[in-house]
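Open the model in your viewer and follow along. Each stop tells you what to select next.

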Amino acid sequence: MREIFAGLPWWVKWVAVPVIALVVFGSLIMTVLGIVIGLLFKALVFVALVAGLIYVVRKFMSNSSSRSDW
């Protein structure tokens, strides 16, 4: 493989080959990136919902305990 690329100009190695790779594997790369970004978004929504639930429960518990002190 190294011998094949040795005689080629620099622009073939550093421009044409990566562009061809992106064209061939671009949909695969976009699919993987979409899955990763989707999972990160779902994890962020999950953390936000759990934090909101904890906030509401603590607020409710603090209000109910202060009322029982009367």
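**Stop one: a tryptophan**

Select tryptophan 14: it counts as exposed because its relative accessibility is 66% (exposed is over 50% relative accessible area, buried under 20%, partly exposed in between, with a 1.4 Å probe and protein chains only). This is a predicted model, where local features need pLDDT of at least 70, side-chain atom pairs count only at pLDDT 80 or more, and totals for chains, interfaces and linings use all residues. Residues are numbered from 1 along each chain as its sequence is written, and side-chain values use heavy atoms, without hydrogens and water.

**Stop two: the helix around it**

Now select residues 10-68. This is helix 2, and tryptophan 14 sits in it.

**Stop three: the whole chain**

Select the protein chain. How many helices and strands does it have? Two helices and zero strands (DSSP runs numbered from the N terminus: H or I of at least four residues for helices, E of at least two for strands). Along the principal axes, the C-alpha atoms fill a box of roughly 90 × 20 × 15 Å. Of the 70 residues, 3% are buried.
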